[in-house]
Amino acid sequence: MMEFVDTHAHLYDEAFEEDFDATIGRIKGSGVIKCIFPAIDSTSFSRQISVGERCGSFVAQAMGLHPTSVGANWKEELDFALGTIGKVKCVAVGEIGIDGYWSKEFLEQQKEVFRVQLEEAYNRGLPVIIHAREATEEIFQVLDSLGKRVPSGVFHAFSGSYETYERIIRYGNFMVGIGGVVTYKNAGVAKSVERIPLERILLETDSPYLTPVPFRGKRNESSYLVYIAEKIAQIKGCAVEDVARRTTENAFTMFDL
């Protein structure tokens, strides 16, 4: 059986509460051997930790403050997130970044929170999971401000052009997370994936969001990684087994799993 790593799954979301055990059973049965839980903020922390403990070594944790949770109390939330990075065994700092889609009210604060967490990751030798939505230039501005002190990491839910990918890898050891969007009709990211080497690709679902075809419109789960891998294989003209093997190796290397 092919083996996969879901490098971005919110399986601790309440959407999975009623059938969690059955869902995990399907996920493991599909060949997924590891899931990484990215953090959101203090309100979801306890659930993230408790669900992760319930899954044992199947789950690896990432800690950080999600950009859409940067608001009026951003300093308190940032302090909380930094505390969890030091307290919880985690394989990455994330999900961090900048989001200009939902609101630009706290955009400057988002930049500061992002910068501080990037520095924390670099100092701890941890990779980062970057959320970038309608904020590509702002993300690059913050990365530029760090000089050579940029951690490794992944651009989660990558949907940009190949030219954007080329800019990303100039910062060092970065990969791109490819999820369900690549399976959508006329998805622009498919053209980028065609040119991005497998050595730079990680698989992810962002469960329960961004469900791939043929389940689009329903709740997403990590067992659907195979559909993402199949689409990537189709785009690149290679065997799906090659996609599974290489992306799994990439995940183990990036996150020291």
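Biologist: Which residues of α5 meet T164, R167 and I168 in α6?

Modeller: Keep in mind that we're looking at a predicted model. On the α6 side sit T164, R167 and I168, and facing them from α5 are T136, E137 and F140.

Biologist: And how do α5 and α6 run, roughly parallel or roughly antiparallel?

Modeller: Take α5 as residues 136-145 and α6 as residues 162-169; their axes are 11 Å apart and the packing angle is about 15°. The crossing of α5 over α6 is left-handed. Angles under 35 degrees count as roughly parallel, so α5 and α6 are roughly parallel.

Biologist: Which residue does a cis peptide bond join to S207?

Modeller: Look in the loop between β8 (201-203) and α8 (225-236). The bond there has omega of about 10°, and the partner of S207 is P208.

Biologist: What is omega for the peptide bond from V213 to P214?

Modeller: P214 lies in the loop between β8 and α8. The bond from V213 to P214 is cis, with omega near 15°.

Biologist: A157 has a positive phi though it is not a glycine. Is A157 exposed or partly exposed?

Modeller: You'll find A157 in the loop between β6 (153-156) and α6, and its phi is about 50°. Exposed would take over 50% relative accessible area, and buried would take under 20%. A157 comes in at 30%, so it counts as partly exposed.

Biologist: What about D256, exposed or buried?

Modeller: D256 is in the segment after α9 (240-255). Its phi is positive too, at about 50°, and it isn't a glycine. With the exposed cut-off at over 50%, the 69% relative accessibility of D256 makes it exposed.

Biologist: Now the inside: which element gives the largest share of the largest nonpolar core?

Modeller: That core has 66 residues, and F155, I178 and I232 touch the most other members. The largest share of it is 7 residues, and they come from α8.

Biologist: Which residues does I178 contact, leaving aside its neighbours within four places in sequence?

Modeller: I178 is one of the residues that touch the most other members of the largest core. Its contacts beyond those neighbours are F158, V189, V193, I201, L202, L203, E204, I228 and I232.

Biologist: How many residues are in the second, separate core?

Modeller: Among its members are A60, V91, I129 and L202. L202 is also on the contact list of I178. The count for this second core is 13 residues.

Note on methods. Residues are numbered from 1 along each chain as its sequence is written. This is a predicted model: local features need pLDDT of at least 70, side-chain atom pairs count only at pLDDT 80 or more; totals for chains, interfaces and linings use all residues. Side-chain values use heavy atoms; hydrogens and water are left out. Axes are lines fitted to C-alpha atoms, for helices over the stretch in contact, and angles run from 0 to 180 degrees between N-to-C directions. Helices (H or I, at least four residues) and strands (E, at least two) are DSSP runs, numbered from the N terminus. Angles under 35 degrees count as roughly parallel, over 145 as roughly antiparallel, 65 to 115 as roughly perpendicular and the rest as oblique. A crossing is left-handed if the near helix is turned anticlockwise from the far one by less than a right angle, and right-handed if clockwise. Contact means heavy atoms within 4.5 Å. Buried means under 20% relative accessible area, exposed over 50%, partly exposed in between (1.4 Å probe, protein chains only). A nonpolar core is a set of buried Ala, Val, Leu, Ile, Met, Phe, Trp, Tyr and Cys residues joined through side-chain atoms within 4.5 Å.
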